[in-house]
Amino acid sequence: MSTMTTTTSDADGTAAGNAIEPEREPKPIRPFGLRDKIGYMFGDFGNDFTFMFASSFLMIFYTKVMGIPGAAVGTLFLVARIIDAFADVTVGVLVDRAKTHPNGKYRVVMMKFAAPVTIFSFLMYQTVFIDSSMGVKTAYMYVTYIVWGILYSCVNIPYGSMASVLSPEPKDRTSLSTFRSIGGSFAGMFIGVVGPLVIYESDAAGNQIIRGGEGSHIFAIAAGLFSALAFVWYLICYLSVTERVKAENHVKADRDADRRGIAHMLGAAFSSRAMVGLIGAALSLMLAQLFLGQMINFLFADFYRHAAYASVATTIGTVVMLCLAPTVMPLAKKFGHRTMAVVGMTISAIAMFTLYLLHTDNPFMFLAGYGVAQIGLGTFNLIIWAMVTDVIDDIEATKGIREDATCYSVYSFSRKLGQAFAGWLSGVSLTWIGYQAGATAVQSEGTINGLYMYTTLIPAVFLALTVVFLIVVYPLTKKRVDDNAATLQAKRMVTDR
């Protein structure tokens with residue numbers, strides 16, 4: 001397009017040319033597609049390469065290598081996760097109120113904190129204070145773990161919030177939830193398969209002990225590798241996704257000043273029945289899933305005396321997830337997210353109750369029951385992130401307010417509480433059954449039988465409670481979700497005119 005000019009006369013009669021710049025065409029936005037899905041999947045790679053390693057092996061590191069009692073570690077997990085829960089809400093509000101960068105909002109914030117969170121993930125597994133007093137070891141444990149948790153919130157909240165701005169279409173968000181869950185499964189499989197094989201070895205009597213014995217550096221080596229990879233995965237996510245739904249600007253002054261208030265933003269989320277139902281379901285689900293994830297490593301190492309079976313269990317969970325993934329979108333389209341979640345959690349609860357009643361000493365029978373439980377857990381995990389965006393849409397449709405990061409952080413708040421109580425319960429459960437700390441400790445028969453009972457019964461109870469929340473409290477049926485999507489689509493069409 002050529003530049004247009006006009007001429008004007010100066011005081012002395014000479015003509016001056018003034019260039020008038022043409023209006024620039026808005027840069028076309030790349031359509032939502034496979035690049036976004038894969039990029040978003042890599043973001044969960046980044047999250048879970050640090051989170052899953054901590055969830056599965058940090059308690060083992062503290063108890064077996066650092067010699068810290070299980071109850072003390074459980075208390076740390078409780079305190080830290082409660083702090084994280086409030087950090088999630090704070091980060092969510094701050095992200096929503098932040099200015100939008102030309103490259104987006106949520107992906108930019110995520111990348112700013114990617115390096116710090118991976119550095120502290122590495123620092124948690126250092127043995128520099130192993131010969132110090134229990135007070136010094138405990139202080140280092142608290143500082144590094146709590147700081148890592150807060151930094152994890154600074155990455156995870158904007159990452160999770162991105163799902164609702166990459167596309168306005170429910171089907172696209174379902175696919176993002178599916179790819180995110182696949183990413184988490186692959187990360188979990190890598191951590192779960194490689195971790196036990198690297199960390200454990202057998203003594204002369206066949207007992208599973210930590211490789212390297214007292215003062216082992218194997219955890220620091222593994223953490224360094226996983227942390228470096230996590231940063232790479234975050235970078236791939238940042239470079240691959242595009243934010244397409246315009247985030248609401250809470251910095252810009254508008255006529256409704258109260259709408260920008262933090263209390264009002266949080267109140268809109270907590271006053272939603274859909275959010276309350278999702279919070280209850282998430283809290284009980286996390287208690288079940290993380291308690292099982294933490295205890296199963298102890299179970300295979302001490303009850304079955306073969307830590308490598310934990311790798312098999314992780315592989316089973318991943319294979320189940322991958323087999324379920326192709327069916328998620330058609331089933332969600334036909335039955336809706338809530339129905340699928342209820343069916344999945346019912347299957348998992350029944351499977352864990354059955355394992356509790358069997359009290360089998362056959363590891364393959366246990367793995368079979370565990371695999372059935374993973375069918376239900378996998379189904380729910382493949383759709384859970386789409387359910388979060390369903391709630392965000394429901395709040396906008398019913399209250400006229402959209403705060404993606406705030407709503408996501410409130411949901412994450414409940415997950416962190418679940419993580420807090422799961423970590424605490426894992427730690428105190430080890431103490432209740434008389435579990436002995438130490439890299440080469442061998443457990444009594446009473447202890448390992450108690451370990452089996454807790455590993456199966458407690459998850460079964462909380463999985464059943466998840467079903468209750470989904471049926472009784474969570475109101476977003478397929479019809480209501482579809483109606484909300486149609487309402488918001490019509491609203492955006494009017495706004496864009």
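1. Helices here are DSSP runs of H or I with at least four residues, numbered from the N terminus. By that numbering, His359 lies in the loop between helix 12 and helix 13 (363–399). The model is a predicted one. His359 has a phi near 45°, a positive value in a residue other than glycine. Its relative accessibility is 35%, so His359 counts as partly exposed, the class between the cut-offs of 20% and 50%.

2. A second residue with positive phi is Arg305, at about 60°, although Arg305 is not a glycine. Arg305 sits in the loop between helix 10 and helix 11. With a relative accessible area of 40%, Arg305 is partly exposed.

3. Two packed helices are described by the angle between their axes and the distance between the axes. For helix 11 (residues 308–335) and helix 12 (residues 337–358), the axes come within 7 Å and cross at roughly 115°. Helix 11 is therefore roughly perpendicular to helix 12. On the helix 11 side the contact is made by Val328, Leu331, Ala332 and Phe335, and on the helix 12 side by His337, Thr339 and Met340. By class, five of these contact residues are nonpolar, two are polar and none is charged.

4. Helix 5 covers residues 134–161, which is 28 residues. Buried here means under 20% relative accessible area.

5. Ile83 belongs to helix 2 (residues 70–97). With a relative accessible area of 34%, Ile83 is partly exposed. Apart from neighbours within four places in sequence, Ile83 is in contact with Ile146 and Ile150. Between Ile83 and Val147 the C-alpha to C-alpha distance is 9.9 Å, while the two are 64 residues apart in sequence.

6. The largest nonpolar core holds 144 residues, and Phe53, Tyr62 and Phe219 touch the most other members. Helix 10 (residues 273–303) gives the most to this core, namely 20 residues.

7. Which residues does Phe53 touch, not counting those up to four places away in sequence? They are Asp48, Leu58, Tyr125, Ile191, Ile199, Phe219, Ala222, Ala223 and Phe226. One of them, Phe219, is also named with Phe53 among the core residues that touch the most other members.

How values were computed
Residues are numbered from 1 along each chain as its sequence is written. This is a predicted model: local features need pLDDT of at least 70, side-chain atom pairs count only at pLDDT 80 or more; totals for chains, interfaces and linings use all residues. Side-chain values use heavy atoms; hydrogens and water are left out. Helices (H or I, at least four residues) and strands (E, at least two) are DSSP runs, numbered from the N terminus. The expected span of a helix is 1.5 Å times one less than its number of residues. Axes are lines fitted to C-alpha atoms, for helices over the stretch in contact, and angles run from 0 to 180 degrees between N-to-C directions. Angles under 35 degrees count as roughly parallel, over 145 as roughly antiparallel, 65 to 115 as roughly perpendicular and the rest as oblique. Contact means heavy atoms within 4.5 Å. Ala, Val, Leu, Ile, Met, Phe, Trp, Tyr, Cys and Pro count as nonpolar, Asp, Glu, Lys and Arg as charged, and the others, Gly among them, as polar. A nonpolar core is a set of buried Ala, Val, Leu, Ile, Met, Phe, Trp, Tyr and Cys residues joined through side-chain atoms within 4.5 Å. Buried means under 20% relative accessible area, exposed over 50%, partly exposed in between (1.4 Å probe, protein chains only).
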